[in-house]
Amino acid sequence: MKITLLIIGKTEENWLKEGIDKYLKRLKFYGKVEIAEIPELKNTKALTRDQQKAKEAELILKRLLPTDHIILLDEKGVQLTSRQFAEYLDKKAVSPVSNLVFIVGGPYGFDESVYQKANDKLSLSKMTFSHQMVRLFFAEQLYRAFTILKGEPYHHD
Ligand SMILES: C[S@@+](CC[C@H](N)C(=O)[O-])C[C@H]1O[C@@H](n2cnc3c(N)ncnc32)[C@H](O)[C@@H]1O
């Protein structure tokens, strides 16, 4: 099973990039995990928030395949413990799903058209994080989930 984190725009801060790269390197030992980046929209000052979300949605939807299992990272989604998230991944790994695509929204979240395509919505907290920070938090949780599944001493509860 391949896992993709689909993001909009480059990761801006070096300290975030370093953190994300650290977990991506570690994740190589556990499975196929990649980050796919949709280029940031230009001239967004001329757009309303809804227009920006709609344009981002067009780019997101173009990147998805009918066979992808789509999970939106969304503060209004389901909240799981790290163990529950590990079990979620484990169940998907033995299901017919071959591509899990987690998507981080743009700075204003998702357009309705993206919500309509989603199979699941996952919240990392009730708090709102920036679309940049979420990438690092998610990468760490993915790594944590794989270590839980392998019984490795990274997660303690
Ligand atoms: C600044 S937030 C957008 C907030 C927007 N008001 C909304 O309702 O979605 C940008 C993106 O970061 C991600 N995000 C932020 N906080 C999150 C959380 N607690 N759990 C999961 N994803 C989150 C989501 O993908 C969101 O679309």
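User: Which residues come nearest to the ligand?
Analyst: Keep in mind that this is a predicted model. Of the 18 residues around the ligand, Leu73, Glu75, Gly105, Gly109 and Leu124 come nearest.

User: And which element gives the largest share of that shell?
Analyst: That's S3, with three residues.

User: How does the shell around the ligand split by class?
Analyst: Nine residues are nonpolar, seven are polar and two are charged.

User: OK, switching to lysine 126. Where is it found?
Analyst: Lysine 126 sits in the loop between strand S5 (120-123) and helix H5 (133-150).

User: Buried or exposed?
Analyst: Lysine 126 is exposed, because it has 8 other C-beta atoms within 10 Å, and the cut-off for exposed is 12 or fewer.

User: How far is its C-alpha from that of valine 78?
Analyst: The two C-alpha atoms are separated by 9.9 Å, with lysine 126 and valine 78 being 48 residues apart along the chain.

User: Now H5. What's its span from first C-alpha to last?
Analyst: H5 reaches 26 Å over its 18 residues, close to the 26 Å expected at 1.5 Å a residue.

User: Which H5 residues are buried?
Analyst: Val134, Arg135, Leu136, Phe138, Ala139, Leu142, Tyr143, Ala145, Phe146 and Ile148.

User: What do they pack against?
Analyst: Quite a list: strands S1 (2-8), S2 (32-38), S3 (69-79) and S4 (99-104), plus helices H1 (14-27) and H3 (82-93). S3 also supplies the largest share of the ligand shell.

User: What about phi just after H5?
Analyst: Glycine 151 comes there, and it takes a positive phi of about 70°.

Methods:
Residues are numbered from 1 along each chain as its sequence is written. This is a predicted model: local features need pLDDT of at least 70, side-chain atom pairs count only at pLDDT 80 or more; totals for chains, interfaces and linings use all residues. Helices (H or I, at least four residues) and strands (E, at least two) are DSSP runs, numbered from the N terminus. A residue is buried if 20 or more other C-beta atoms lie within 10 Å of its own, exposed if 12 or fewer, and partly exposed in between; C-beta atoms are placed from the backbone. The expected span of a helix is 1.5 Å times one less than its number of residues. Two residues are in contact if their C-beta atoms, placed from the backbone, lie within 7 Å. A residue is near a molecule or strand if its C-beta atom, placed from the backbone, lies within 6 Å of it. Ala, Val, Leu, Ile, Met, Phe, Trp, Tyr, Cys and Pro count as nonpolar, Asp, Glu, Lys and Arg as charged, and the others, Gly among them, as polar.
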